[in-house]
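Have the model open as you read.

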Amino acid sequence: MQDVIVRAETPGDVKAIDVVNLSAFEGEAEARLVDAVRNSPDFIRDLSLVAEINGRIVGHLLLSKVILENENGSQEILALGPMSVVPSQSHRGIGSALIQAAIGRARDMRYSAIVVAGQPEYYQRFDFKPASDWGIVSNLPLPEDALTAMELKPGALSGGGRVIYPAPFAEIF
Ligand SMILES: CC(C)(COP(=O)(O)OP(=O)(O)OC[C@H]1O[C@@H](n2cnc3c(N)ncnc32)[C@H](O)[C@@H]1OP(=O)(O)O)[C@@H](O)C(=O)NCCC(=O)NCCS
C-alpha cells in the first residue's frame with residue numbers, strides 16, 4: 001500500500017472531504033450529514049479524520065457525540081460514520097487504517113464506547129459487536145442487527161439503553 005497519512009481534518013479540508021463523500025456514496029445525503037454535524041455541538045475536530053496519499057485526501061471518517069440513555073442516566077459516547085474512501089482507492093486498506101486510527105484516538109481521548117449504524121458485516125471485522133448483545137437500540141429506523149458497538153472502557157455498555165442520534169442522521173436512514 002502507498003503511504004497513507006491519517007490525520008484530523010483542518011478547515012482547509014472541507015471541500016476535499018465533500019468530494020470524497022460525493023464520490024463514495026450515491027447522492028448527497030452523507031455529504032450533507034457531515035456538514036450538518038460539523039456545524040453542530042456534536043462535532044469533535046480531532047475525531048473527524050482524513051486519509052491522505054501524496055497530499056490528496058482519499059478517505060474520511062467521522063466520529064461524533066451521541067447520547068446513550070438508560071435507567072441509570074445518560075452518557076456521552078461516540079457514533080462512527082459516515083466513512084468513505086474514493087472508489088479508485090478502495091480495497092487497499094485505507095478504510096481499515098481510518099477505523100484503527102479512530103478507535104485509538106477515541107480511546108486516548110477517554111471516550112467510553114463507539115456505536116455504528118449500518119454495514120454490520122464491515123464493522124464486525126474490527127471487533128464491533130451487535131449492539132443487541134448489550135440490549136442497546138437506537139432512535140434510528142434500523143433493522144435490529146444493523147447497530148453495532150464497541151466498548152473502549154470495559155463495562156461501559158453493560159447498562160444497555162437507547163442511543164439518541166441527532167436529527168440529521170435520521171435523513172440517511
Ligand atoms: C466501506 C469503505 C469505507 C471501505 O473502504 P476501503 O478502503 O475499501 O476498506 P478496506 O480496504 O480497509 O477494506 C475493504 C474490505 O471491506 C469490505 N467491505 C467494503 N464494504 C463493505 C460492506 N458494505 N460490507 C461488508 N464488507 C465490506 C470489502 O469486502 C473489502 O474486502 P476485500 O478488500 O478483501 O475485498 C468504502 O468501500 C466506501 O467508501 N464505501 C462506500 C461508502 C460506504 O458504504 N461507507 C460505509 C458506511 S458509512
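A polar contact here means a pair of N or O atoms within 3.5 Å. One thing to keep in mind: this is a predicted model.

Let's start with the ligand. It has 18 residues around it, and the ones that come nearest are His-91, Gly-93, Gly-95, Ser-96 and Gln-119.

| Residue | Protein atom | Distance to a ligand oxygen |
|---|---|---|
| His-91 | polar backbone atom | 2.7 Å |
| Gly-95 | polar backbone atom | 2.8 Å |
| Tyr-122 | polar side-chain atom | 3.2 Å |

On its own, the ligand would expose 880 Å², and the protein buries 69% of that. The space it takes up is the largest pocket.

So what is the shell around the ligand made of, by class? It has 8 nonpolar, 7 polar and 3 charged residues. Strand 4 (73-85), helix 3 (94-108) and helix 4 (120-124) are the elements that give two or more residues each to this shell. Strand 4 supplies the largest share, with 4 residues.

Is Ser-84 buried or exposed? Ser-84 counts as buried because its relative accessibility is 3%, and the cut-off for buried is under 20%. The side chain of Ser-84 also makes a polar contact with the side chain of Asn-21, at 2.8 Å.

Now for the backbone angles. Asn-54 counts as exposed because its relative accessibility is 66%, and exposed means over 50%.

Gln-119 brings us back to the ligand, as one of the residues that come nearest to it. The phi of Gln-119 is near 50°, again a positive value in a residue other than glycine. Gln-119 has its place in the loop between strand 5 (113-117) and helix 4. With a relative accessible area of 54%, Gln-119 is exposed; that figure takes only the protein chains shown as cover.

How values were computed. Residues numbered from 1 in each chain as written. Predicted model: local features only at pLDDT ≥ 70, side-chain atom pairs only at ≥ 80, totals over all residues. Heavy atoms only, no water. Near = heavy atom within 4 Å. Polar contact = N/O pair within 3.5 Å; in protein donor to acceptor, adjacent residues only side chain to side chain. Areas by Shrake-Rupley, 256 points an atom, 1.4 Å probe, with all protein chains shown as cover. 1 Å grid on protein atoms, 1.4 Å probe; cavity = no way out; pocket = protein on both sides within 12 Å on 5 of 7 lines; lining within 4 Å. Sits in = over half its atoms within 2 Å of the grid points. Nonpolar A, V, L, I, M, F, W, Y, C, P; charged D, E, K, R; others polar. Buried < 20%, exposed > 50% of the residue type's maximum accessible area, 1.4 Å probe, protein only.
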